[in-house]
Amino acid sequence: MAVPPAPLRVAAAGLGLWLLWAWAWDWGGACSGRTRGRGRELGRARGGNRALLLTAHPDDEAMFFAPTLLGLARLHYRVSLLCFSAGNYYNQGEIRKRELLQSCDVLGIPPSSVTIIDHRYLPDDPNVQWNTELVAAILLRHIKANLIDLVVTFDTDGVSGHPNHIALYSAIRFLHSKGKLPKGCSVLTLESVNILRKYLSILDIPFTWLQTQDVLFVLTKKELEKAKKAMLCHKSQLLWYRVLYIIFSRFMVINSLNFL
C-alpha cells in the first residue's frame, strides 16, 4: 500500500486538528455555563447576587479565572475582586496594581470593586507560608462588609501549586469547616488539572464534559478575545512562556469548578 507524500500527510493532520478545534468550539458554545447538582443555584441570580473572586496576585484573575468572571457576568452577578498581594516579589508592586485595575476593567470589574491587600505578613513570596487564620480573618471581614453570596478561589492544588494560591484555599476551607461563613454564602473552587490537560486549550472540553464538576464555564470566541486582552494588560509579566500560556492554556478558555 502506497504511503501518501509527507506534505499530504501534514495537510491531512492539520485539517484533522482544525476540524477537531471547530467541533470543540461548537461543543463549547453548547455547554458554556453548564451546571450540575448544586451548580443550578447559580442560574437563579437576578442582579442582586454578589460574587467575590479571591486571588493571590495581580494577573491571577486573567490567567486562571477569566471564564468564570465572564460567565458570572452572563448570569448577572455583581462581581468584585479581593487580591491578597500587590505582586511585589520583583519590586514591581505599583506597576502590577495598575495592571490589575486595567485587567479588571476589561473583565467587567470596576476599580471601586477591586481591593488589594498589601500586608507585611502576606508577601508575594512562594517561600513564605501565609498564616491561615490571618487570611481567614481578613477575608471574613470583607465578605460580611460587602454582603457576599458566592466566593470563588483556587482548590487545594492551587492550579499551579503556588503556596500563596493554596493558602487562600486553606483560609476559605477553614471558614467553611468552622461554620463561620454568613448564611447563604457559597464557595466555588477552581479545579486543577494535570499538566497535559492544562495545555490542551479548548480541546480539553470533551474531557472536562465527562467530569463531575458542579459548574463549567466555556468562553465564546468573542469572550476569548476579551480574556486575552485582559491578560495582555499585565505587560510586566508577559515573558515568553506566558505568551505560550495565553495561546495554549485551557484556563484561558475553560473553567470547571466545584462547591465546597
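In what sense, parallel or antiparallel, do strands S7 and S8 pair, and over how many bridges? In this predicted model, S7 (residues 215-218) and S8 (residues 254-259) pair in the antiparallel sense, and 4 bridges connect them. The protein chain contains 11 helices and 8 strands, and of its 260 residues 49% count as buried.

**The chain as a whole**

- Among the contacts between residues at least 6 apart in sequence, 84% join residues that are at least 24 apart.
- The protein chain exposes about 12700 Å², of which carbon and sulfur atoms supply 58%.

- Strand S6 (residues 186-190) is largely enclosed by the rest of the structure, because 5 of its 5 residues are buried.
- From S6, Ser186, Leu188 and Leu190 point one way while Val187 and Thr189 point the other way, and all of these residues are buried.
- In a regular strand, side chains alternate between the two faces of the sheet.
- S6 pairs with strand S5 (residues 150-154) in the parallel sense over 5 bridges, and within this pairing valine 151 has valine 187 of S6 as its bridge partner.
- S6 is also joined to S8, by 3 bridges and in an antiparallel run, with leucine 188 standing opposite phenylalanine 259 of S8.

**Helix H11**

- Arg242, Tyr245 and Ile246 are buried residues of helix H11 (residues 240-248), and they lie on the same side of H11 because they cover an arc of only 100° around the axis.
- The cover over the buried residues of H11 includes helix H2 (60-63), helix H8 (195-198) and helix H10 (221-232).

- Serine 85 sits in the loop that runs between strand S3 (78-83) and helix H4 (93-106), and a relative accessible area of 2% makes serine 85 buried.
- A polar atom of the serine 85 side chain lies 3.2 Å from the backbone nitrogen of glycine 87.
- Not counting residues up to four places away in sequence, serine 85 touches Ala56, His57, Pro58, Ile116, Ile117, Leu122, Asp124 and Trp130.
- Histidine 57, one of the residues that serine 85 touches, belongs to the loop between strand S2 (50-55) and H2, and histidine 57 is buried, with a relative accessible area of 5%.
- The side chain of histidine 57 makes a polar contact, at 3.4 Å, with the side chain of histidine 165.
- Leaving aside neighbours within four places in sequence, histidine 57 is in contact with Cys83, Ser85, Arg96, Asp124, His162, Asn164 and His165; Asp124 is also listed among the residues that serine 85 touches.

**Residues with positive phi**

- Most residues other than glycine have a negative phi.
- Aspartate 59, although not a glycine, has a positive phi of about 100°; aspartate 59 is placed in the loop between S2 and H2 and is buried, with a relative accessible area of 4%.
- Histidine 76, also a residue other than glycine, has a positive phi near 70°; histidine 76 is found in the loop between helix H3 (66-74) and S3.
- Is histidine 76 buried or exposed? Histidine 76 counts as exposed, because its relative accessible area is 52% and the cut-off for exposed is over 50%.

**Cysteines**

- The structure holds 0 disulfides.
- Cysteine 233 is in no disulfide, and the nearest cysteine sulfur, that of cysteine 104, is 9.3 Å away, whereas a disulfide requires two cysteine sulfur atoms within 2.5 Å.
- Cysteine 233 counts as buried at 11% relative accessibility, and cysteine 185 is buried as well, with a relative accessible area of 10%.

How values were computed
Residues numbered from 1 in each chain as written. Predicted model: local features only at pLDDT ≥ 70, side-chain atom pairs only at ≥ 80, totals over all residues. Heavy atoms only, no water. Buried < 20%, exposed > 50% of the residue type's maximum accessible area, 1.4 Å probe, protein only. Pairing = 2+ DSSP bridges. Helix = DSSP H or I, 4+ residues; strand = E, 2+ residues; numbered from the N terminus. Arc of directions from axis to C-beta. Contact = heavy atoms within 4.5 Å. Areas by Shrake-Rupley, 256 points an atom, 1.4 Å probe, with all protein chains shown as cover. Polar contact = N/O pair within 3.5 Å; in protein donor to acceptor, adjacent residues only side chain to side chain.
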